[in-house]
Amino acid sequence: MNCPKCGYAQDDAATACEACGLIFARYEERREDEAALATGAVAPPGKVAVEEPPAGRLDRAGRRALLIGAPIGVVCFALPFLDFVLGYLSILVHELGHAIAGWLMGFPSVPAFDFVYGGGVTILDERNAGVLIVLGALWAWAFWRLRRNALGLVCCGVLLAAHALLAFTPAHETLHMAAGHLSELVFAAIFLYRALSGVGCFVDAERPLYAGAATFVLLKAAGFAGRLMSDAEFRALYEEAKGGGKWMDLSRIADQFGLSLRTVAGWLLLLALLTPALTWFVFAARAPLRRFLARALEPNP
């Protein structure tokens, strides 16, 4: 065996490294503790993590989180002042989604609030060779790290193919336009998952807050899509936003694919309605999903 610290080769039965003195049992214990801390299985020193419910079941704290948090989200959505103030949370997440998609496709992007027309705007620069080199280096590192893991290499290969297909075809434009609204739904799903499972929570009071934030963001997305579908005046105002010219995300997607704005809004509404169900599926199947991820990400299976 090779010492994990200094790399010195020695007998497999050795309990400590003959070169640097590392005690292998203590090293393994420390590595397991660090892995548990990184995955949220244990809490940092001085904090007590919320215990996760059994797979496929919602514990009492999870039910309480939904019963308290969901009405809070509804109230925040229904009251104009709270809806206006907290709406900037959705704007921030929306623009961050555009920026992240831009960087992943090789375009330096800067999210910002729009102080001219309101809402937000993400400044997208020309594709940058330096960004592409960094992305390529990250992919190379991932393949090198998982070089002994066949499952990990297959997963990396599939993800790399999907990334290349999106980045170097006209699909990157569609992804960038859709990323804002999709990021809102992903944000809501993450917060709803935390409310259901308690992952990342150290006091039970966090879970209702996560449920409230998820409910608010989902209602904002669904309400926005519903108004676009049902209100012709609202559709006209939306298409004339940002100074006119159909610069808004859903208008551009509709023009790109030759669809009506109502149709694209309907797809957004459907995704918003499906988000809680998909989140519940991940919550219920989290044990096998975690095992799969652990196998795929293990450098030395």
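Is Cys-76 buried or exposed, and what is its relative accessible area? In this predicted model, Cys-76 has a relative accessible area of 13% and is therefore buried. Cys-156 is likewise buried, at a relative accessible area of 8%. Cys-156 takes part in no disulfide, and the cysteine sulfur nearest to that of Cys-156 belongs to Cys-155, at a distance of 7.4 Å. A disulfide requires cysteine sulfur atoms within 2.5 Å, and by this rule the model contains zero disulfides.

The secondary structure of the chain consists of eleven helices and two strands. Their order along the sequence is α-α-α-β-β-α-α-α-α-α-α-α-α. Of the 301 residues in the chain, 35% are buried. When contacts between residues at least 6 apart in sequence are considered, 58% of them join residues at least 24 apart.

Phe-24 is buried, with a relative accessible area of 10%. Beyond its neighbours within four places in sequence, Phe-24 is in contact with Met-1, Cys-3, Pro-4, Gln-10, Ala-14, Thr-15, Ala-16 and Cys-17. For one of these residues, Cys-3, the separation along the chain from Phe-24 is 21 residues, and the C-alpha atoms of the pair are 8.2 Å apart.

Two helix pairings were examined. The axes of helix H5 (residues 150-167) and H6 approach within 6 Å and cross at roughly 95°. Helix H5 is therefore roughly perpendicular to H6. In this contact, Leu-165, Leu-166 and Ala-167 of H5 meet Ala-171, His-172 and Leu-175 of H6. Classified by residue type, the contact of H5 with H6 comprises five nonpolar residues, one polar residue and no charged residues.

For H3 and H7, the axes come within 10 Å and cross at roughly 90°. These two helices are therefore also roughly perpendicular to each other. The H3 side of the contact is formed by Asp-83, Leu-86, Gly-87, Leu-89 and Ser-90, and the H7 side by Phe-216, Val-217 and Lys-220. The residues of the contact of H3 with H7 fall into four nonpolar, two polar and two charged.

The largest nonpolar core contains 33 residues, and those with the most contacts inside it are Leu-185, Phe-224, Leu-228, Tyr-238, Leu-250, Ile-253 and Leu-268. At least two residues of this core come from each of H6, H7, H8, H9 and H10. The greatest contribution is that of H7, with nine residues. In soluble globular proteins, nonpolar side chains tend to be buried together.

Tyr-238, one of the core residues with the most contacts, was considered individually. Apart from neighbours within four places in sequence, the contacts of Tyr-238 are His-181, Phe-224, Leu-228, Met-248, Asp-249, Leu-250, Ser-251 and Leu-261. Among these partners, Phe-224, Leu-228 and Leu-250 are also listed among the core residues with the most contacts.

Helix H9 (residues 249-257) has Asp-249, Leu-250, Ser-251, Ile-253 and Ala-254 as its buried residues. The elements covering these buried residues include helix H3 (80-104), helix H6 (171-197), helix H7 (206-230), helix H8 (232-239) and helix H10 (261-284).

Definitions and conventions
Residues are numbered from 1 along each chain as its sequence is written. This is a predicted model: local features need pLDDT of at least 70, side-chain atom pairs count only at pLDDT 80 or more; totals for chains, interfaces and linings use all residues. Side-chain values use heavy atoms; hydrogens and water are left out. Buried means under 20% relative accessible area, exposed over 50%, partly exposed in between (1.4 Å probe, protein chains only). Helices (H or I, at least four residues) and strands (E, at least two) are DSSP runs, numbered from the N terminus. Contact means heavy atoms within 4.5 Å. A nonpolar core is a set of buried Ala, Val, Leu, Ile, Met, Phe, Trp, Tyr and Cys residues joined through side-chain atoms within 4.5 Å. Axes are lines fitted to C-alpha atoms, for helices over the stretch in contact, and angles run from 0 to 180 degrees between N-to-C directions. Angles under 35 degrees count as roughly parallel, over 145 as roughly antiparallel, 65 to 115 as roughly perpendicular and the rest as oblique. Ala, Val, Leu, Ile, Met, Phe, Trp, Tyr, Cys and Pro count as nonpolar, Asp, Glu, Lys and Arg as charged, and the others, Gly among them, as polar.
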